[in-house]
Amino acid sequence: MSCCYAAPSQALERPKPEPGRCTYYLGDVLFDDDPRLTAARRARQQLAYGGNGIAHPQGRARTGWRVQRDIVLGLNVPGYARCGR
């Protein structure tokens, strides 16, 4: 999944569920360069809903930052396979 920028009005829209599936939440988005991101937290991210949420910021403070967070629908979501039946 590739995405870039969501306008504020888009960010407030109610999300639409994946067709034929249940609703679930995604794991956190964490930043790879955060000094408070411990090894234990990194390991837990491997089990986050939707996949590893550790993002790699690119850019500069003066011009802005960009982050891409890839999502694998249903990954690590308990009961995901059953809710589509």
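Set aside the neighbours within four places in sequence, and arginine 69 is in contact (heavy atoms within 4.5 Å) with Gly27, Asp28, Val29, Tyr49, Gly50, Gly51, Asn52 and Gly53. Keep in mind that this is a predicted model, where local features need pLDDT of at least 70, side-chain atom pairs count only at pLDDT 80 or more, and totals for chains, interfaces and linings use all residues. Residues are numbered from 1 along each chain as its sequence is written, and side-chain values use heavy atoms, leaving out hydrogens and water.

**Arginine 69**
- Arginine 69 sits in the segment after strand 4 (64-66); strands here are DSSP runs of E, at least two residues, numbered from the N terminus.
- Arginine 69 is buried but has no salt bridge, and aspartate 28, the nearest side chain of opposite charge, is 7.8 Å away.
- Buried means under 20% relative accessible area, exposed over 50%, and partly exposed in between (1.4 Å probe, protein chains only).
- A salt bridge needs a side-chain nitrogen of Lys or Arg within 4 Å of a carboxyl oxygen of Asp or Glu.
- The arginine 69 side chain does reach the backbone oxygen of glycine 50, at 3.3 Å.
- A polar atom of that arginine 69 side chain also lies 3.3 Å from the backbone oxygen of glycine 51.

**Phenylalanine 31**
- Phenylalanine 31 belongs to strand 1 (residues 30-31).
- Phenylalanine 31 counts as partly exposed because its relative accessibility is 37%.

**Asparagine 76**
- Asparagine 76 is also in the segment after strand 4, with phi near 65°, a positive value in a residue other than glycine.
- Most residues other than glycine have a negative phi.
- With 30% relative accessibility, asparagine 76 counts as partly exposed.

Notes: Helix = DSSP H or I, 4+ residues; strand = E, 2+ residues; numbered from the N terminus. Lys, Arg positive; Asp, Glu negative; His and termini not counted. Polar contact = N/O pair within 3.5 Å; in protein donor to acceptor, adjacent residues only side chain to side chain.
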